[in-house]
Structures are given as C-alpha cells and as structure tokens.
Amino acid sequence: MAAIARITAFAKTARLAPCPPRTMATSTTSTKPDWSPEKYLRFEAPRGRPINDLISFLSRSGLSQPQRIIDLGSGPGNSTIALKKQWPGAQITGVELSPAMVTAASEKNGGEGIDYQAGDVKDFIAPPDTDLIFSNAVFHWLRSSERIATIVQHLKRLKPGGLLAFQVPDNFAEPSHRLMRDTAYHSPGPWAKYFMGQDQKPELDPIESVGTWYSSLKPHCESVEIWHTTYHHILEGHEAIVKWFETTGLKPYLDLLEQDEAAKKAFLEQYVRGLKREYPTLADGRVVLHFPRLFVVGFRGKA
C-alpha cells in the first residue's frame with residue numbers, strides 16, 4: 001500500500017471544519033495527435049490505484065447509493081467501470097474530450113447504466129440530479145488561470161448534498177517532469193527549435209497549494225477534504241518511465257516533434273540519459289517511479 005500523508009488545512013481533524021451550507025480532459029493543445037487508449041492502458045493496474053483509493057474514501061464517507069454520477073475525463077473508461085462496480089445501481093456518464101478514448105470506452109464498457117459522450121470538462125454542465133462529479137487525472141491539464149474557476153463552477157451547480165471528488169498528479173517538481181523541461185529548453189539538440197517561441201508551452205502548470213484549494217472551494221462547500229498520496233511504482237527500467245509518460249506528461253512535448261522523427265528520437269534519448277542519472281537501478285534492474293497525487297473532495301451541504 002502506498003503511504004498516505006493526510007494534509008488538512010486550517011484544522012487537525014480528518015474533515016475540515018464545516019461552515020453553514022450554501023444554496024451548488026483537456027489537452028494543452030487542440031490540433032495535436034489524438035490520445036492512444038492502448039498505450040494508456042499499458043499501466044492499467046497502477047493507474048487504477050488512485051481511482052480505487054478515491055472511490056474507497058467516498059464509500060467510507062457515507063456516499064452509499066448515488067443515483068447519478070458524472071465521470072469527467074473518463075479516458076478509456078477504466079474509472080467509469082470502477083465507479084459502476086462500487087455503485088451498480090447508479091447511472092454513470094463518462095465525459096471525454098478525446099474521440100479515440102470515447103470510442104474505446106463505448107466499445108468496451110458501454111451498456112446498461114453507462115454511457116459516454118464527447119465533451120470538454122470546461123464546458124460540460126452536469127444534470128441537476130447529479131449526486132457525484134468524479135474526475136481522475138484531468139484537471140491538471142487545465143492552465144492555472146482556469147483550473148480552479150472550472151472546478152468551482154462544477155461545484156456550484158451540484159445539488160444540495162452532492163459531492164465533487166477528484167485527484168490530479170502533483171509531480172511538477174519531480175525529476176521526471178523537471179527533466180522534460182530541462183531537455184526541451186536547456187539541452188542543445190535538433191529538438192530545441194521546436195520549443196522556441198511557442199504560444200502554448202508544452203509543460204503543464206504546477207498544482208496549487210492545499211491552502212489555495214481550501215480557500216477557493218470552502219465558500220461553496222459544507223466541508224472539504226484534501227490529502228496527498230505518493231505512489232511508488234516499480235517499473236521495468238528507464239524506458240518504462242518514458243512509456244508511462246508518453247501518453248500523459250510527455251505527450252505535449254512529443255506532439256511538437258511529431259513531424260520530425262529524428263528530433264523526437266534524439267529528444268527521448270537525451271531524456272532517458274537524464275532519467276538514468278535521477279532514478280537509480282534496483283538490484284533486479286528495475287526502477288522506482290515516485291508519483292505524488294493530490295486528492296480533493298468537496299461536500300455540498302444539504303439545503
């Protein structure tokens with residue numbers, strides 16, 4: 001089990017101090033190659049752990065029989081299936097920006113009680129009877145200028161008693177992501193010209209602090225729960241780290257190199273050299289990828 005460090009803001013109790021109830025995957029680039037469900041699901045089991053951890057917390061927090069669940073950024077449908085397994089009586093709608101992901105999820109998981117639709121998490125409006133808005137590893141794709149505002153809008157539209165629960169990678173400062181930036185901007189090579197003068201930078205914005213999340217969401221909630229979990233994934237080697245991130249954090253960088261295979265190959269070779277410096281090889285040749293994630297749950301008070 002991953003070690004969980006509970007972080008509560010402005011209170012020492014597990015759930016943050018209540019206030020009087022109030023009466024409520026988006027890529028950084030839109031013209032780049034679509035997402036690959038097959039590549040994403042190469043690490044289905046470890047990617048599923050934070051989904052199951054968040055669902056487990058919700059079930060322990062009294063969410064017993066939700067009737068309507070929205071899965072924002074449902075990807076290939078792995079989170080939707082986990083939600084359905086926990087709450088088989090719920091009607092669950094997966095909302096996903098990638099056409100390839102929507103198609104893959106619909107073909108594999110569509111059926112009674114589950115449907116998928118194309119949509120942007122910034123624009124989607126949940127039905128008024130929604131009990132839970134759930135999101136796994138999506139909101140970090142939004143720029144910081146719109147991330148919290150988008151989440152607050154979803155939260156404000158929830159019916160009294162509803163919940164909004166999400167987790168996002170919090171690895172901006174991790175070696176894996178620092179090396180992406182260092183390779184793109186500070187290492188000479190045939191790839192460098194593709195990262196100069198870009199209107200849309202490939203790196204994602206850092207995740208906001210716990211205090212910022214609390215202060216932004218608390219006015220719209222009866223209570224807010226926030227915690228960090230760092231997962232320690234044992235991978236086959238440094239190339240496996242590349243495979244992990246090529247469908248997530250590395251994708252915006254690789255998209256910019258899509259038309260130049262030689263530059264992309266050189267970029268990845270340089271990135272792997274950096275990974276070998278930062279991630280020591282274990283006794284059996286594997287490596288440990290340390291992966292911190294931020295979990296946030298907003299509890300809407302009952303009217």
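**Helix packing and a buried loop residue**

In this predicted model, the crossing of H6 and H10 is right-handed.

Reader: Which residues of H6 and H10 make the contact, and how do they divide into nonpolar, polar and charged?

Author: From H6 the contact draws on Pro175, Ser176, Arg178, Leu179, Met180, Thr183 and Ala184, and from H10 on Phe267, Gln270, Tyr271, Gly274, Leu275, Arg277 and Glu278. Sorted by class, the residues of this contact of H6 with H10 come to seven nonpolar, four polar and three charged.

Reader: Is the packing of helix H6 against helix H10 roughly parallel or oblique?

Author: Helix H6, residues 175-186, packs with helix H10, residues 261-278, at an angle of about 140 degrees, and their axes are 10 Å apart.

Reader: Where does Ala137 lie, and is Ala137 buried or exposed?

Author: Ala137 lies in the loop between strand E5 (132-136) and helix H5 (144-156), and Ala137 has a positive phi of about 55 degrees although it is not a glycine. Because buried means under 20% relative accessible area, Ala137, at 17% relative accessibility, counts as buried.

Reader: Which residues of H5 meet H7, and at what angle do the two helices pack?

Author: In H5 the residues are Arg147, Ile148, Ile151, Val152 and Leu155, which meet Thr212, Trp213, Ser216 and Leu217 in H7; by class this contact has six nonpolar, two polar and one charged residues. The crossing of H5 and H7 is right-handed. With their axes 10 Å apart, H5 and helix H7 (residues 210-217) pack at an angle of about 40 degrees.

Notes: Residues are numbered from 1 along each chain as its sequence is written. This is a predicted model: local features need pLDDT of at least 70, side-chain atom pairs count only at pLDDT 80 or more; totals for chains, interfaces and linings use all residues. Side-chain values use heavy atoms; hydrogens and water are left out. Axes are lines fitted to C-alpha atoms, for helices over the stretch in contact, and angles run from 0 to 180 degrees between N-to-C directions. Helices (H or I, at least four residues) and strands (E, at least two) are DSSP runs, numbered from the N terminus. A crossing is left-handed if the near helix is turned anticlockwise from the far one by less than a right angle, and right-handed if clockwise. Contact means heavy atoms within 4.5 Å. Ala, Val, Leu, Ile, Met, Phe, Trp, Tyr, Cys and Pro count as nonpolar, Asp, Glu, Lys and Arg as charged, and the others, Gly among them, as polar. Buried means under 20% relative accessible area, exposed over 50%, partly exposed in between (1.4 Å probe, protein chains only).
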